[in-house]
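Subject: Structure handover

Hello,

Here is the structure I said I would pass on.

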Amino acid sequence: MRKQFVVIGLGRFGTSVAKTLNILGHDVLAMDKNEHAVQVIMHDVTHAVQADARDEETLRALGVRNFDVAVVAIGDDLEANILITLMLKEMGIPYVVTKAQSALHGKVLEKIGADKVIYPEQDMGVRLANNLIRTNVMDF
Ligand code: ATP
C-alpha cells in the first residue's frame, strides 16, 4: 500500500532514505532549511520544500500531521532534532523515526515518544558484520 512519508533533513542519510522510499513507490515530502539540499532532491521525490521544521506553523501548513511516517534525519543540531521529534508526535503522526547521535540522545528521543531511534553508523556496522559472516567471507 502506498504510504505518505515526510523526511526532514536532507544530508546523506535523509537524502538516501527519501530517494529510496520514492523508488519504492511511496509519496515523499522532503524538507530541509537549506535551499541547495532541496534543489538537489527536487526531481527524486513527490514534493521538496525549503523550510525550517522547528516552525510548527510551517509543519501545519504543509499538512504534516496527515502523514503516516516521519523521518527526522537532522544530525548536528540536537535541539532541532529533539524539538521536531516532539512536535511531530504531538501532532499525531503514528510513526516517527529519529536519528540519534549518542546513546543518551537516543534515550531522550525515546522518552519524548520517538517510535524508532536509529544510529546509522552503528546500525550499518552491525549489518556489515552480519553480512560478512553470512556470505562466508573466508571463501574469498
Ligand atoms: P548526514 O550524515 O546524513 O550527511 P548529518 O548527520 O551531518 O547528515 P546535518 O548535516 O547536521 O546531519 O543535518 C542534515 C540536514 O538537516 C542538513 O541538510 C540541514 O540543513 C538540515 N537541517 C538542520 N536543521 C534543520 C531544520 N531545523 N529544519 C530543516 N532542516 C534542517
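Predicted model: local features only at pLDDT ≥ 70, side-chain atom pairs only at ≥ 80, totals over all residues.

Pockets

The largest pocket holds about 530 Å³ of space. Its lining is made up of 27 residues, and those nearest the centre are Gly 11, Ala 73, Ile 74, Gly 75 and Asp 76. Helix 1 (12-23), strand 2 (27-32), helix 4 (78-91) and helix 6 (120-134) each give at least two residues to this lining, with helix 1 supplying the largest share, three residues. By class, the lining has 12 nonpolar, six polar and nine charged residues.

The second largest pocket has a volume of about 200 Å³. Among the residues that line it are Phe 13, Val 17, Lys 116 and Asp 123. Helix 1, strand 6 (116-118) and helix 6 each contribute at least two lining residues here. This lining divides into seven nonpolar, no polar and two charged residues.

Salt bridges

There are five salt bridges in the structure. One of them joins the side chains of Arg 2 and Asp 27, at 2.8 Å from N to O. Arg 2 sits in the segment before strand 1 (4-8) and Asp 27 in strand 2, so the pair ties together parts 25 residues apart in sequence. Arg 2 is exposed, at 54% relative accessibility, whereas Asp 27 is buried, at 18%.

Another links Asp 115 and Lys 89, also through side chains, at 2.8 Å from N to O. Asp 115 is in the loop between helix 5 (103-111) and strand 6, and Lys 89 is in helix 4, so this pair ties together parts 26 residues apart in sequence.

Regards

How values were computed. Residues numbered from 1 in each chain as written. Heavy atoms only, no water. 1 Å grid on protein atoms, 1.4 Å probe; cavity = no way out; pocket = protein on both sides within 12 Å on 5 of 7 lines; lining within 4 Å. Points joined across faces, edges and corners; volume = space filled by probe spheres on them. Helix = DSSP H or I, 4+ residues; strand = E, 2+ residues; numbered from the N terminus. Nonpolar A, V, L, I, M, F, W, Y, C, P; charged D, E, K, R; others polar. Salt bridge = Lys/Arg side-chain N within 4 Å of Asp/Glu carboxyl O. Buried < 20%, exposed > 50% of the residue type's maximum accessible area, 1.4 Å probe, protein only.
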